[in-house]
Amino acid sequence: MTVCWLATATYEDVAALDRRRAVAVLPLGATEAHGPHLPLSTDVIIVEAMARAGAERLSQRGATVVVLPTMALTPAPFAAAFAGTISVRAATLVALLEDVADGLAAQGFSRIVVVSAHLDPEHLGAVREAVETIRADGLRVAFPDLSRKPWSQRLGEEFQTGACHAGRFETSIVLAERPELVRDIRTELLPNPASLSVAIRAGQTTFAEAGGPRAYFGWPADATAAEGRTLIDALGAILEEAALPLLHDD
Ligand SMILES: [Zn+2]
């Protein structure tokens, strides 16, 4: 019935929550190049919109949801050659996620949903590894990996082609959330249908190798704020659905 944003709560707010039954949502973003038209924090903006939409849905079901501060520095080797991208080692993220889970457990939390709008394969591999360990330690944890079915099928046509970095999908969501951060050049960007999923399967490791010399893929000029709002709703529904198995009592 409550959504608590940990960063703006006081310790007394948190002390008053039923933490054992609460769902802790941990959003993961990135600080990486997103074309010439979107900010480096694009994945942070998207994952926070997802967390908000999902938390609202869960609270309507009667759950207490605690949204943690977003992790904005994660592995981003595909974009590492572009100015402003800050990439950390996969092992650093694994250790940090495990430590955060230990911290949550020490505070009495037992249910965690990890959500990530950042899709770099090294990053997702680190998240999967940490989630396995956290689960083995006895916490209930869900991680809807947006790069995989069934979730990927709910995020529009462009997303499924794999041309899903700074294209129509991501640009639409930033237009809905932070329109003032989308640069006008986006309407002049030509489509780049090169698929990152195909590139990853072929062993390529950078946006340049994958056919994205300006760090964007897909159809950014086709983005709209209205589509962004629909996509945020779809992301919220994914968070909700992934969290449902955690909600039942022991
Ligand atoms: Zn992104």
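Guide: Leucine 146 touches Met50, Ser116, Leu119, Trp151, Ser152, Leu155, Phe159, Leu235 and Ile238, leaving out residues up to four places away in sequence. The model is a predicted one. Leu146 is also among the residues with the most contacts inside the largest nonpolar core, together with Val25, Leu58, Val113, Leu155 and Leu235. That core has 34 residues. Strand 2, helix 2 (42-60), strand 3, strand 4, helix 6 and helix 8 each supply at least two residues of it, and helix 8 gives the largest share, 10 residues. A second, separate core has 27 residues, including Val114, Val131, Leu139 and Val141. As a general background, nonpolar side chains tend to be buried together in soluble globular proteins.

The structure holds 4 aromatic pairs. The ring centres of phenylalanine 159 and phenylalanine 169 are 4.9 Å apart and the planes stand at 65°, so this pair is edge-to-face. Because phenylalanine 159 lies in helix 5 (residues 157-161) and phenylalanine 169 in helix 6 (residues 168-177), the pair ties together parts 10 residues apart in sequence. Both phenylalanine 159 and phenylalanine 169 are buried.

Another pair is formed by phenylalanine 78 and phenylalanine 207; it is tilted, with 5.8 Å from centre to centre and 55° between the planes. This pair links distant parts of the chain, 129 residues apart: phenylalanine 78 is in the loop between strand 3 (64-67) and helix 3, and phenylalanine 207 is in the loop between helix 7 (196-201) and helix 8. Phenylalanine 78 and phenylalanine 207 are both buried. With Phe82 and Phe217, these two form one aromatic cluster.

Val131, named above in the second core, is also one of the buried residues of helix 4; the others are His123, Leu124, Ala126, Val127, Ala130 and Ile134. They cover an arc of only 155° around the axis, which puts them on the same side of helix 4. What covers these buried residues includes strand 2 (23-28), helix 3 (90-106), strand 4 (111-116) and strand 5 (140-142). At 1.5 Å a residue, the 16 residues of helix 4 (residues 121-136) should span 22 Å, and the end C-alpha atoms are 23 Å apart, which agrees. Just after the helix, glycine 138 takes a positive phi of about 105°.

Threonine 230 is in helix 8 (residues 225-247) and is exposed, with a relative accessible area of 54%. The C-alpha atoms of threonine 230 and alanine 215 are separated by 25 Å, although the two residues are 15 places apart along the chain. Tryptophan 5, in strand 1 (residues 2-5), is partly exposed, with a relative accessible area of 32%. Neighbours within four places aside, tryptophan 5 is in contact with Glu48, Ala51, Arg52 and Val67.

Note on methods
Residues are numbered from 1 along each chain as its sequence is written. This is a predicted model: local features need pLDDT of at least 70, side-chain atom pairs count only at pLDDT 80 or more; totals for chains, interfaces and linings use all residues. Side-chain values use heavy atoms; hydrogens and water are left out. Helices (H or I, at least four residues) and strands (E, at least two) are DSSP runs, numbered from the N terminus. The expected span of a helix is 1.5 Å times one less than its number of residues. Buried means under 20% relative accessible area, exposed over 50%, partly exposed in between (1.4 Å probe, protein chains only). The arc is that of the directions from the helix axis to the C-beta atoms. Contact means heavy atoms within 4.5 Å. Rings of Phe, Tyr and Trp (its six-membered ring) pair if their centres lie within 6.5 Å; planes under 30 degrees apart count as stacked, over 60 as edge-to-face and the rest as tilted. A nonpolar core is a set of buried Ala, Val, Leu, Ile, Met, Phe, Trp, Tyr and Cys residues joined through side-chain atoms within 4.5 Å.
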